[in-house]
Amino acid sequence: MSLNRELQLKAVDNFNTPLYLYDGDRVVQCYRELYDFIKWPKLKIHYAMKANYNFQLLKLLNAQGAALDTVSPAEVLLAFKAGFSHDRIIYTANNMTEDEVDMVNSLGVLMNIGSLSRLERFGEKYPGSEICLRFNPDVVDGGHKHIMTGGDLTKFGILMKDVDQVVEIVKKYELTVVGIHEHTGSGLQHTESVFQSMKNIMTIATVERFPDLKFLDFGGGFKVPYEPNEARIDYVAMGAEITRLFSEYCTEYGKELEMYFEPGKYIVAEAGYLLVEVNTIKDNNGRMIVGCNSGFPQLIRPMLYDAYHHIVNLSNPDGEMKKYDICGNICETGDRFAEQREIAEIREGDILSIENSGAYCYSMGSVYNLRPMPAEVVIYEGEVKLARKAVTNEELINSILD
Ligand code: LLP
C-alpha cells in the first residue's frame, strides 16, 4: 500500500517542492501490525521518535496509545506536548550530562542507564529510585556499520560481564531495577540476531539478581524493504519465536513480565516520500546527470549509509527506462540520491518521488548551504494537512543573526 501518483502530484500542486509527504494511515497501520506479529498479552510498543518527530504523526501515535523511546530533553518535552504521559516514555540517551539527567528525572520519566559510572552517579544522587538498565547484547547486526549497536566496538550499554558489579551498585543505593534493555542495531538483517540478543539478555536478567523487574525491552531495529524486489521479513514467524522465548523466560522468572520493543523505521519509513523537482539535466559524454531542488541535507541516508531509496518519476511514469545519476543542489560531489539508476525518462520540470523517506530523513536534516528544510504534509483518513511549514530564507537567516 502506498500513496498513489495522483495524490502525490496533487500535494505538489498545493504545497510546492521540495516537500515531505507522509501517509498517516500507513503509520498507524504499521504500529498496529506489530501487535498482530508479537502476540504477547503484555506487549508495549515504544515508538523511537528520533526516526521522525513530526508533530502530527506523534499525535496520531499518541491517540493509538503508543509509548515512546526518547533520547534528548527536547524529545521528552515534545512528547509531552503531543499528549504522551511520563509513564509512557523511556529515556535512553547516551553520554548524558548531569543537567539533562536532573531535568528528565524530575519530569518522572524512567531513565535507562547504560554505563557503570552513570549508574554510580545516579544512585548517589537519587537513591531509592526506579531505573532501567541498558546492556550491550553482544550481537553485531544492522543495515550499515554506523548503525550496528551491539559488540565491543560500540559505546552503547553496560557489558554483560559487568552484571554483578551492577547488582552491587544497585544494592548500595537501594535502586529498584524495573526494566532491562538492549538494542542490537537498526535494519537488522537476520531474525536470528533478535533471538540471540533476547537470549543473552534473558540469561543475565535473573530473578535472583533483579527481583523487581516489570519489563524487558528488546529495542528496535525491525528492517523494512527499501529496494523494490527486497523480500519482506516474515514478522509473523519472527513474532511467534519471540513470544515463545519470552514465555519460557517468564516461566523461569516466575512472573509474566511486560515485553517492550522500540521500533522507529518499521513504523514510519515506508510512509514517507520526499518530492523534488528536476531543474537541470546534463549529458556528461553519455552519463546523464539530473539536478533537482533538494539535496543531502534534506535526506542524507544515501550519502551517509549508501542507502538505497527507490525513485519514481511521477511526471512520466510510462517513459522509457534510462540510467541517471540523481543529484541535489548542494556544493559537494557526493550530493546524490542515486547513482546509475534506471528511471522512466526524466525531463526538466519533472517531479520525482524519493520513497521510504519517513524514517531518519527529515529528522536528520540540516540547513547546510543555508537551504531551509522543506514543508511536511500528512495525509490521514482522506484529510491532507500541512503539518509543518517550510522554513523561509528570511526565517533561516533571522535565526543566525546576532
Ligand atoms: N532503540 C534505540 C535505543 C535506538 O538507538 C534506536 C535507533 C531505536 C530503538 C530504533 O531503531 P529502528 O527501529 O528505527 O531501527 N539514522 C539511521 C538509523 C539510526 C538508528 C539509531 N537508533 C538510519 O537512517 O538508518
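**Figure 1. Division of the protein chain into two domains.** In this predicted model, the protein chain comprises domain 1, spanning residues 25–268, and domain 2, spanning residues 270–396. A distance of 32 Å separates the C-alpha centres of domain 1 and domain 2.

**Figure 2. Contact surface between domain 1 and domain 2.** Contacts link 23 residues of domain 1 with 24 residues of domain 2. The size of an interface is often given as the accessible area lost when the parts come together. For domain 1 and domain 2, the area buried between them is about 2300 Å², and 54% of this area lies on carbon and sulfur atoms. On the side of domain 1, the residues that lose the most area to domain 2 are Asp 25, Gln 56 and Tyr 226, which together account for 26% of what that side buries.

**Figure 3. Polar and charged links across the domain boundary.** Two salt bridges are counted between domain 1 and domain 2. Arg 232 and Glu 270 form a salt bridge in which the closest N and O atoms are 2.4 Å apart. Eleven residue pairs are in polar contact between domain 1 and domain 2, with both residues at pLDDT 80 or more. At least two residues of the side of domain 1 that touches domain 2 come from each of α2 (24–37), α3 (55–63) and α10 (265–268). The helix that gives the most to this side is α2, with four residues. Classified by residue type, the side of domain 1 that touches domain 2 consists of twelve nonpolar, six charged and five polar residues.

**Figure 4. Parallel pairing of strand β10 with β2 and β9.** Strand β10 (residues 258–261) runs parallel to strand β2 (residues 43–48), and three bridges join the two. Within this pairing, Lys 44 has Tyr 260 of β10 as its bridge partner. Strand β9 (residues 215–217) also pairs with β10 in the parallel sense, over three bridges. Here the bridge partner of Phe 215 is Glu 258 in β10.

Figure 5. Most residues other than glycine have a negative phi, and most peptide bonds are trans. The peptide bond from Thr 17 to Pro 18 is cis, with omega near -10 degrees. Pro 18 is located in the loop between α1 (5–15) and β1 (19–23). Leu 370, a residue other than glycine, has a positive phi, near 55 degrees. The loop that holds Leu 370 lies between β16 (351–354) and β17 (375–380).

How values were computed. Residues are numbered from 1 along each chain as its sequence is written. This is a predicted model: local features need pLDDT of at least 70, side-chain atom pairs count only at pLDDT 80 or more; totals for chains, interfaces and linings use all residues. Side-chain values use heavy atoms; hydrogens and water are left out. Domain bounds come from an automatic or database domain assignment. Contact means heavy atoms within 4.5 Å. Buried area is the accessible area (1.4 Å probe) that two parts lose on being put together, summed over both. A salt bridge is a side-chain nitrogen of Lys or Arg within 4 Å of a carboxyl oxygen of Asp or Glu. A polar contact is a pair of N or O atoms within 3.5 Å; within protein, one must be able to donate a hydrogen and the other to accept it, and residues adjacent in sequence count only if both atoms are side-chain atoms. Ala, Val, Leu, Ile, Met, Phe, Trp, Tyr, Cys and Pro count as nonpolar, Asp, Glu, Lys and Arg as charged, and the others, Gly among them, as polar. Two strands pair if DSSP finds at least two bridges between them.
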